[in-house]
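Colleague: I would like to go through this structure with you, step by step. Could we begin once it is on the screen?

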2 protein chains.
Amino acid sequence: MKRVFSIIAMLGFAIAAWGQQALGPGSGIVSPEIHPDHTVTFRYHGPKAVTVRLTGDFLPTRPVEIETGGQKLVYDAPGVVDLKEGPGGIWEYTTEPLAGELYMYTFLVDGVKVMDPSNIYQIRDVATWTNVFTLSAEPGDKGWYYEVHDVPHGSVSHVWYESPALESKQRRLSIYTPPGYEGSSARYPVLYLLHGSGGDEDAWTDLGRTAQILDNLIAEGKAKPMIVVMPNGVWFNQAAPGAAVNMFQPTFTNSRSQSTEEIENSFPDIMNFIEKNYRVAKGYANTAVAGLSMGGRQSFMLSLRYPGKFGYVGLFSGVGLTEGNEASIDKVFAARPRLYWIGCGKADGVMVNTRKLVDYCNAKGHPITFYESEGGHTWRNWRIYLTCFTQQLFK
Amino acid sequence: MKRVFSIIAMLGFAIAAWGQQALGPGSGIVSPEIHPDHTVTFRYHGPKAVTVRLTGDFLPTRPVEIETGGQKLVYDAPGVVDLKEGPGGIWEYTTEPLAGELYMYTFLVDGVKVMDPSNIYQIRDVATWTNVFTLSAEPGDKGWYYEVHDVPHGSVSHVWYESPALESKQRRLSIYTPPGYEGSSARYPVLYLLHGSGGDEDAWTDLGRTAQILDNLIAEGKAKPMIVVMPNGVWFNQAAPGAAVNMFQPTFTNSRSQSTEEIENSFPDIMNFIEKNYRVAKGYANTAVAGLSMGGRQSFMLSLRYPGKFGYVGLFSGVGLTEGNEASIDKVFAARPRLYWIGCGKADGVMVNTRKLVDYCNAKGHPITFYESEGGHTWRNWRIYLTCFTQQLFK
């Protein structure tokens, strides 16, 4: 028996390894290796490589100028460092001690982007794949919340609903149900959580670590058990790549996809589907909406369009216009939302419009919670915002 | 508004693009491009590259010799071809016309494995990522069944159950529920579908295209609506990478993971969880088990251990030993299974043991269905077997 299965295993290995021309998994190379002092070593087997470099969001940033439509913008691009070649063609680089976080990186081998063959952890952000790893420097830091711990786990389901008015009638959404949902008869409050431009219904679970953050917060008693509904917010897409009819490359820079009115119009289709098929506690005290970037704008518009519907609203690095919407904003607050939470990074281009909304609300005495964070328009911030926001819901 | 959001979009793009040193998505490069005559063009932007090659399972194979534990094995490795450099540093290669199939490939840029930056479709097989694309040469060919079509879609959920006896008590499984399951009160038959060595509860949905195959077969009336339960079959793992506590590199070649007795022992934990929490039609006429490779061995052993429990059994490129199990095999057939389906490729190392079981059953007059296919120990075969097997269930 043993012999037969070792042959099978080898066959399988050979089949799986065909694309992997470098030393593959099982080569003994560990990368990334997280050390007890929270430094991290990256390794790459490249005996024929001339240069092996590493780019990652834990390295000191470098300013990069980009130009678009006649405008010049400077943003802080992640740094690049050289790995050093050692015995056996193994290249290595070790970082400074790192804080708890979910980090992203790739190698540059002779100038070409190469995924780390020793690390199968990858996440797609719109149309770019990068390697990832999580590090918790101490229990309870933000990296800790992004990791899977030995706590009760909720379920994540990908389900389809109908939205007859939209171009793509059959649409997919991701649903987090909290631990114990199965086999219970309890009803749960619902957070509708919306992604940004270029994203899809997988963005919040994959990049946002929603299931891990909720599992960990619920286990600690810091968040109430809740259902989190993550729809696809691009009105003409039905689903994430791979789940949709036709192969497509998602993109940020599609002005058609920036139109969010269609989703706002059809939002009742989503809520009706959820309220019909899940054990939902209804009413504004049990209903929240939040989103990042484009999803923040959608959440803002949804709060204006349906005042009194959402007891809790979260705008993460995304708002709509204050000018022209003053009367609608006043109506929102006349319906006394329990929490109107606005988060934005100091370096974020969205801060201009965010500040206008914050100033208007402050001037009118509308009770908002404003979290002005460090950093910019990044998933790093959106994970933090989600961790903060969900602790204040349904209490 | 437009101006603000174009800045945001650009910021987002710049952030997402940092790892992507070549021309990224939106560059206008289309790869792979599937032409009306079913030839496929691959493109790579590499103005500094010296050689750009392509390896994929649609190219003529080449024999490769591997040695393991003193044994020499020859297997057919996918071929490698050169791309040709054209204007602007765009390298290109066009295939012969291809049959309908899910195909896998990667580039080799100056000898280093590089994912196609114009194709975000990737699938992980154990610890190797490769680019993928599907092609349906004509409606109803096998590639067609692996694609998403405009038919009603079932849900795929990732849920956790408890198995107190196992080393990892909290364990994750994937569940396909058919279109209409939500909002219905009907009870459905269940197929338990098991992965191979090195796999996990995501293998059948990702590489096996289970949801697409079932959606399409059900829409055509060729398969009965059914629930498909895909557990994690490695007894000491709790979940796929990313969903489990601790980061780990999955591997085939771990003798500990070849031990399947623990899962067989604890299989009632899975069935009890499903029968308690899903609308399941019980009884052997409504219960099937099937698996590939290691999962085929598990399915065989489960059929022996619980005769009369599974009315339908599918062994895909994996069986247990016939010698010593004759009496148990006779008991299985005394309980009159409705279908005992065995599939194996002619070039598969598992054929030796498969043939022994087939010969034994034929000699004893036990009614089996034996499908001797072309090819070997590959996902290409397992998708075909699933497509055949599920059409014969619960009828």
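Modeller: Let us start with a term: two strands pair if DSSP finds at least two bridges between them. Please also keep in mind that this is a predicted model.

Colleague: Good. How many bridges are there between β9 and β12 of chain B, and in which sense do they pair, parallel or antiparallel?

Modeller: Strand β9 (residues 101-109) of chain B and β12(B) are paired through 5 bridges, in the antiparallel sense. Within this pairing, B:L102 has B:T134 of β12(B) as its bridge partner.

Colleague: What holds paired strands together in general?

Modeller: Strands of a sheet pair through backbone hydrogen bonds, and the pairing may be parallel or antiparallel.

Colleague: Which sense does β11 of chain B take with β12(B)?

Modeller: Strand β11 (residues 122-125) of chain B runs antiparallel to β12(B), and 4 bridges join them. B:D125 stands opposite B:T128 of β12(B). The two strands form a hairpin with 2 residues between them, and there B:V126 has a positive phi near 60 degrees.

Colleague: Is β12(B) largely enclosed or open?

Modeller: Strand β12 (residues 128-135) of chain B has 8 of its 8 residues buried, so it is largely enclosed by the rest of the structure.

Colleague: Which residues point which way from β12(B)?

Modeller: B:T128, B:T130, B:V132 and B:T134 point one way, whereas B:W129, B:N131, B:F133 and B:L135 point the other way. All of them are buried.

Colleague: Staying with chain B, what is the strand order in the open sheet of 4 strands?

Modeller: The order is β1-β2-β8-β7 in chain B, with antiparallel pairing. Its edge strands, each pairing on one side only, are β1 (33-34) and β7 (84-85) of chain B. β1(B) is joined to strand β2 (residues 40-45) of chain B by 2 bridges, and these strands run antiparallel. B:I34 has B:V40 in β2(B) as its bridge partner.

Colleague: What share of chain A is buried?

Modeller: Of its 395 residues, 51% count as buried. As for contacts in chain A with a separation of 6 or more, 71% are between residues 24 or more positions apart.

Colleague: Which residues of helix α4(A) are buried?

Modeller: The buried residues of α4(A) are A:T210, A:A211, A:Q212, A:I213, A:L214, A:D215, A:N216, A:L217 and A:I218. The helix is mostly covered, with 9 of its 10 residues buried. After α4(A) comes A:G221, with a positive phi near 75 degrees.

Colleague: At what angle does α4(A) cross α10(A)?

Modeller: The axes of helix α4 (residues 210-219) of chain A and helix α10 (residues 379-390) of chain A cross at roughly 35 degrees and come within 10 Å. The crossing is right-handed. From α4(A), A:T210, A:I213, A:L214 and A:L217 meet A:R383, A:L386, A:T387 and A:T390 of α10(A). By class, this contact has 4 nonpolar, 3 polar and 1 charged residues.

Colleague: Why do residues three or four places apart in an α-helix point the same way?

Modeller: An α-helix has 3.6 residues a turn, so residues three or four places apart point the same way.

Colleague: One more residue: why does A:Y145 count as buried?

Modeller: A:Y145 has 25 other C-beta atoms within 10 Å, and a residue is buried if that number is 20 or more. A:Y145 lies in helix α2 (residues 142-146) of chain A. Neighbours within four places in sequence aside, A:Y145 is in contact with A:Q212, A:I213, A:N216 and A:T387.

Colleague: And A:F333, is it buried or partly exposed?

Modeller: A:F333 is partly exposed, with 17 other C-beta atoms within 10 Å. A:F333 belongs to helix α8 (residues 326-334) of chain A.

Key: Residues are numbered from 1 along each chain as its sequence is written. Chains are lettered from A and ligands numbered from 1 in the order in which they are written. This is a predicted model: local features need pLDDT of at least 70, side-chain atom pairs count only at pLDDT 80 or more; totals for chains, interfaces and linings use all residues. Axes are lines fitted to C-alpha atoms, for helices over the stretch in contact, and angles run from 0 to 180 degrees between N-to-C directions. A crossing is left-handed if the near helix is turned anticlockwise from the far one by less than a right angle, and right-handed if clockwise. Two residues are in contact if their C-beta atoms, placed from the backbone, lie within 7 Å. Ala, Val, Leu, Ile, Met, Phe, Trp, Tyr, Cys and Pro count as nonpolar, Asp, Glu, Lys and Arg as charged, and the others, Gly among them, as polar. A residue is buried if 20 or more other C-beta atoms lie within 10 Å of its own, exposed if 12 or fewer, and partly exposed in between; C-beta atoms are placed from the backbone.
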